[in-house]
Amino acid sequence: MLGSLIDSFALILAPLAFFMLFLGTFLGVTVGAVPGLSGSMLIALTLPLTYYMTPLNAVLLLIGMYVGSIAGGLISATLLRMPGTAAAVMTTFDGYPMARSGRPGRALGLGIMASLIGGLVSWVSLIALAEPLSRWAMQFGPFEYFSLVMMALVLMASVSQGSMVKGLLSGFLGILIAMPGVDLSAGQPRLTWDWYMLNSGLKLLPVLLGVFVVSQIIKDILEIDQKFTRLEMNNSGILMTLRDIRRQAGNLVRSSVIGTVIGILPGVGANIGSLVAYTTAKNMSATPEKFGTGHEDGIVASETANNATVGGALIPLIAMGIPGSVIDVFLISALMIHSIQPGPLLFTNNPDLVWAMMTGFLVANVLMFAIMVLSARYLSRLMYVPRSYVMPVVTTFCIVGAYALDNTMWDVWVMLGFGVLGFFMTRAQIPLGPFIIGFILAPLAEQKLRTGLMATAGDFTPMFTRPISATFLAITVILLFWPLINDWRRGRS
Amino acid sequence: MQSRPDPVLDIALAVFLIAIAAAFLWETRNIPPGIFEPLGSAPVPQATASVLILLCLAVLLRALMRLRRGDDPVPPSHTESKDDGVVAPENPLAVIATGILTVAYVLALSARVADFALVTTVFLFALIAILARFERRALVLAAIIAVAMGYGCQYVFTEIFVVDLPSGQG
């Protein structure tokens, strides 16, 4: 393991690879800091460009963006009370009041250091768990994989904001939309309505761009008249002292562990991690009443956990090919673009790449820290760039990105259609995460189910009798009925 | 404040998704049964579409009940608060204008009425000007951004990424 780790450092410190990582982290931090733009948007827009890169450079660029954007959301969350990313929502509760009380540098400094520590702790977990977990996942047969995908989908739906029914609806819609096209098992097109454009199905990139980017553009343009109150940024207190770190040690470790564990859960991302860590810190605090008024513990808990989920989320991606969060879907897409199948065989087939991904995550965290400390003051000015300039440019990039996929306008129309659908889904509080997880995992789930049934001559029983598959299914059922069980328990008490 | 979606939107979306799922279900009739495998190509889409219809019906029923009770929707973007420094009024006209311009832009590219660079420059200038409400300073900036993006994108995508962008051969 140590040898692989050292080799991977040599790989990512090559000039071009390191530049890609730096560029990704810088762009991630920048975009994360601008309200209305998000890491998902940036990564979705960058995906078409990764066709022209080596797999290593592509993955390093995207990992840098992932780490940078989650941390960059801290800037607008603190100075505007507008989380640049959903992951920074909890940071607004204490970051903004502290910034308004004249300590914006201190608020940002706490968040930046907490992000770094969260990232480092989750990196240790990534290194320690990914390989053993992938060895364990090698025992998975088709039924285990099918059950795992179902569990990921239901888990994502159950923790999504709003009703669980809407979360499931979103997931099943994603699965259905993935169905048209040539059925690989039968070798024949299905659900195409004799429309040749659907023979290759609805491609991932236009759907991703539509659902995540175009829908957000529509929302941002709808709110184009939004006005922000300017807060003057200063760098006073931007670096946490050793005394601060000692005082926050318990909170840092606890929130890192919470973030990492929640990140590992398939489909559950940084926003849930920071929510749970913040609530836990508040419940365990001797002064819970201070939370929400500019309390340091609140900023530290939220920012530590949201960055820790990134490393945690990479664990199921690398070990099992299951996205740990929505942004991981983009990483999976980038790997698939280069004909690399994420999953347990990644360590066997592409060991250099997988170790470079993990090391890249560590270096991206360090770069994120340096970029944010050195440039937070300047990045904060980007928050006030009017949307009337930004949104048309992003729209153009989306259209070019979708077109460039196959040089066809069909993909552009698909993207626009899914953008409108995504906008109305968001407005109706139907979460988009389960949709995209369903869309990307549906072909895998169906293929595994059909392979399993071929092996058992159509017998479903092994799905319920094989221990791992049965465990996944049991968790799925519990998650499905958890809201009902909760209601019943509340009624009894 | 916890926002609550408009029940009318829930109903419209549920009906739309039921129609989509029903279309999928109808189309599965044309899928032949599996020859070498027990499941075949049809059951998974059939099951998925059926579950989707059930979930949509649940959303529909709940929305109808809320509508009957006369619950007032709280818009999701209702974040107005002077103290917070965040005011989010909505501007549907801006969305409609953007939608019309974007569709016109894509149609112009499809019809190859002019080079990608020219069409993009015109699109960007018009859109920024509209969104910035034709402020004089914004018009200058819009022109600079539009030309830089239009011709910059054309150069980068055709020369570096070797993408065959639409050209004016219509």
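**Salt bridges between chain A and chain B.** In this predicted model, four salt bridges are counted between chain A and chain B. Glu90(B) forms a salt bridge with Arg427(A). The closest N and O atoms of Glu90(B) and Arg427(A) lie 3.0 Å apart.

**Polar contacts and the elements of chain A that touch chain B.** Between chain A and chain B, 12 residue pairs are in polar contact, with both residues at pLDDT 80 or more. Elements that give two or more residues to the side of chain A touching chain B include helix H5 (89-100), helix H8 (164-177), helix H9 (204-222), helix H17 (409-427) and helix H18 (433-455) of chain A. Strand S2 (188-190) and strand S3 (227-228) of chain A are also among them, as is helix H16 (387-406) of chain A. H16(A) provides the largest share of this side, 11 residues. By residue class, the side of chain A that touches chain B has 43 nonpolar, 12 polar and 11 charged residues.

**Area buried between chain A and chain B.** The contact involves 66 residues from chain A and 75 residues from chain B. About 6200 Å² is buried between the two chains, and carbon and sulfur atoms give 74% of that area. In chain A, the residues that lose the most area to chain B are Leu176(A), Trp193(A) and Tyr389(A); together they make up 11% of what that side buries.

The average pLDDT of chain B is 85, and 86% of the residues of chain B score at least 70. In residues 77-85 of chain B the pLDDT is below 50. This stretch of chain B has 19 contacts in the model beyond near neighbours in sequence. For the complex, the predictor gives an ipTM of 0.89 and a pTM of 0.83.

Methods
Residues are numbered from 1 along each chain as its sequence is written. Chains are lettered from A and ligands numbered from 1 in the order in which they are written. This is a predicted model: local features need pLDDT of at least 70, side-chain atom pairs count only at pLDDT 80 or more; totals for chains, interfaces and linings use all residues. Side-chain values use heavy atoms; hydrogens and water are left out. Contact means heavy atoms within 4.5 Å. Buried area is the accessible area (1.4 Å probe) that two parts lose on being put together, summed over both. A salt bridge is a side-chain nitrogen of Lys or Arg within 4 Å of a carboxyl oxygen of Asp or Glu. A polar contact is a pair of N or O atoms within 3.5 Å; within protein, one must be able to donate a hydrogen and the other to accept it, and residues adjacent in sequence count only if both atoms are side-chain atoms. Helices (H or I, at least four residues) and strands (E, at least two) are DSSP runs, numbered from the N terminus. Ala, Val, Leu, Ile, Met, Phe, Trp, Tyr, Cys and Pro count as nonpolar, Asp, Glu, Lys and Arg as charged, and the others, Gly among them, as polar. pLDDT is the predictor's confidence in each residue, from 0 to 100.
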